[in-house]
Every structure is written in structure tokens, then in C-alpha cells.
Amino acid sequence: MTEEKSISPFKVFGQQKMFALMLLGFSSGLPLLLTSKTLQAWMTVAKVDLTTIGLFSLVALPYSLKFLWAPLLDRFVPPFLGRRRGWLLITQILLIIAIGAMSTHNPQVGLQMLAVNAFIIAFLSASQDIAVDAYRTDVLHHREMGAGASVWVMGYRIALIVTGSFAFLLADQMPWPKVYIALSGLMLVGVVGSFIGPEPVLRDAPPRSLGEAVRFPFQEFFQRAGLGQGIAVLAFIVFYKFSDGLAGNMTTPFLLQTGFSQTEIGVVLGGIGMISTIVGVLIGGTVVAKLGINRALWLFAAFQALSNFAYYGLAIVGRNTTFMTGAIVVENIGQGFVTAALLAFLMSVCNKKYSATQFALLSSLMSASRDIIVAPGGKIAESVGWPMFFIITVFAIIPAVLLLPIVAPWRKDAPTAAAPHTGEAVPSTV
């Protein structure tokens, strides 16, 4: 792809579709904690035993398996609002009903039906995520993808604050069933986003059968990228956030062993850290708009590795609240950078005809790598100590850096395996 001129960040972020994506990010994040931490709080107040509360984590399984039914959203087109926004509206209306239905349960006497309801919410939420990811992929020009990812993440994080903090404040003022009714109404934010967002122009017809919807996304990806390039892309997705993930996975144990209190960690890591991540994704989206996906990936790879030196310094200095705050701010800003760039990369290599399936598969690979390949982090830290551990996390970026010239050459604007993304869309008539 030829080099393109940068796009003004003001022009990018000022578009109506960016506002719609922020609202859709909020509706994506809202159901997540309602079937995990928020539900656990309700069950704890209702005197449910800890073993049962722990088993309820299984209701989140649909988030890990959503690629299994993603082809349905590529194959079938709702009779209203188009292929992408139609599915968004369907899942959002069903989520309003399912979240509101939680108010009819009593954890003390009806745990089985409560679990079924929570599972339905998780399934519908994962389905909404499939639709949102496909919509975001299809409606954005490749230079807009970092910005689109960043405003979506911002909306998502705001929703986590609402369900992780505001819900608990409400629960002190009213029973938990009423809290769930109130939170179900907030899903209307996503409904507004579905109506005001433009519908992406999809010139290719949907797959003619479910078999095609399952099979063709794999074939198209490797035919377009080539076998070698395709494998390189998959490996890059696995390793790009390895440095950041390896350090982040052990941050809490490190801070506790360094002598910081749980209150200090909660305030700085949960509060200032979350704000820093939002700042990071917004800056990351701006850089992608100015420099393109490829150069952003190079710059942010360097930043995420070097940012881990802040934790190395803290491991040397020891218990120092100011140093800890600075290290968490730097690390979370870097996390925001790589999140914006990597989501933009994932969107760019998805074909709009199969974006629901391809993005679900690629994002599942990203999630699996985050949870699996960082698992030895604790053993490494035990063996070498905290200072050397964080030095190792700096060099953990090397596999991704070696793949960068193949998948995202510096002199090209978009990734080598990128599919066409013009950002063409039909304005909403609502």
C-alpha cells in the first residue's frame, strides 16, 4: 500500500461514528461485571457459600468461545438497520430484558435459575461484542482504526467504573434486584449508539451458507496473506503484548511483596491506572491517525518494553509511593498505546465480508496468548528475583520486534496482510 498523508486527529475524533463507537463501548463493558464481581457481591450479601460463588465464574465461558457462533452474524442479515447494526440492536434489546430479569431471582433459594440467567447475559454480551467488533472493523478507514479502538475502550472502561463502583453505591441505598433493573436501563446507551452510527457499506454479499461462513474466513485470510505471512501475523498477535502482559500479570504480587498496602494498590492501580490507560489509548489512536498503523506498532513496541524499566527501578528503590505511582502511570499509558495499535492491526487484517468471524478468531488468539504464555511469570520471578524479572520482561518484546518488518514494514502505511478498508458508510437517517 502506498504511503498516505496523515489525518487530522480533530477530524478523526470529531466524527459521529466515533461518538457512536464510544456509546457501543459502554454497552459492551456494562454486562461484564454484572455476571462476575457485581453478582458475587450480591451473592455474598445473600449469604451464598464461597464454593458456589467461585463456581459462578463458569458463566463467563461464552466470552472465550464466541468465535464458535460468530459465523452466524456474518451469514444472516437482520431485516432492519443492516448486517452490523441490526445484530447490535437485537443483542442490546435482549440484554435489557435479561439484565432486568435478574431482579426476579433470590440467590438464597433460586441459585440454578440465577446461574441460567447469568449465563444468558454472558452469551448475549459476547454476541454483542462480536457485532460491535465487526461494526467497528467495517465502518473505519485504516487510518481511523486506532482512534476507533481508543474511543471504544474509553466507553468500555467507563462502563466498568459504573458497574464496579456506582453499582455498589446504589446497593447501599436499595436492594440488589432494583440495582439490576437500574443498570439494565443503561443498556439504552448502546441502543442510541446503534441508531446514530452510520451503517458500513458492504459491497460483498454475505456467505451463501453457514458452511461458507465457517470455512471461507480461514481460506480468505490465508489466500490473501499467503501461508507464511498468515502464520507470521498469527505469531505477531500472540507476542506483541507479551512484554506488557508478562509484567502486568505479576504487578500486584510484586507491589504487595514490596510492602505497599492493599489500599495503596487499589487507589493507584485501580484508579490512577485506569485513567492512565484511557489517556494511553486516546494518545495511541491519535498516533495511528498521524503516522499509520505500522509506525505506531513500532513506536509502541519500544515504549512498552522500555516502560518496564520503571518497575525495575521500583524493585531497586523499594517501597516508595511516588515512584510506585509513576511506574503504574507509565506502564498503564503504555498498555493503552499497545491496545490501540494492536486492535487497529487486528481490524486491518479482517476482510469486511467475514469481519465478525475473523475478528472473533484473532481476538480469541490474543486473549489466549495473554492468559497462557504469561503463566510462567511467577516461576521466573521466584527464580531470578524482581529486578531481573523486569529486565527479562523488557527483552520479551524481541519476538514481536523480529516479526515487525514482515507484518508491518516501517515504510508502508498499513500491514502487509491488510484487507481494503475505505471507511465508506451510509449516514444514519435517525
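This is a predicted model: local features need pLDDT of at least 70, side-chain atom pairs count only at pLDDT 80 or more; totals for chains, interfaces and linings use all residues.

Residues are numbered from 1 along each chain as its sequence is written, and side-chain values use heavy atoms, leaving out hydrogens and water.

Two packed helices are described by the angle between their axes and the distance between the axes. Helices here are DSSP runs (H or I, at least four residues), numbered from the N terminus. Axes are lines fitted to C-alpha atoms over the stretch in contact, and angles run from 0 to 180 degrees between N-to-C directions.

The first topic is H9 with H10. Helix H9 (residues 145–171) packs against helix H10 (residues 176–185) at about 135°, and their axes are 9 Å apart. H9 and H10 are therefore oblique to each other; angles under 35 degrees count as roughly parallel, over 145 as roughly antiparallel, 65 to 115 as roughly perpendicular and the rest as oblique.

Where do H9 and H10 meet? Val162, Ala167, Phe168, Leu170 and Ala171 in H9 are in contact with Trp176, Val179, Ala182 and Leu183 in H10, contact meaning heavy atoms within 4.5 Å.

Next come H13 and H18. The axes of helix H13 (residues 227–239) and helix H18 (residues 321–348) cross at roughly 155° and come within 11 Å. H13 and H18 are therefore roughly antiparallel to each other. In this pair, Val233, Phe236 and Ile237 of H13 meet Leu342, Phe345 and Leu346 of H18.

Methods: Helices (H or I, at least four residues) and strands (E, at least two) are DSSP runs, numbered from the N terminus.
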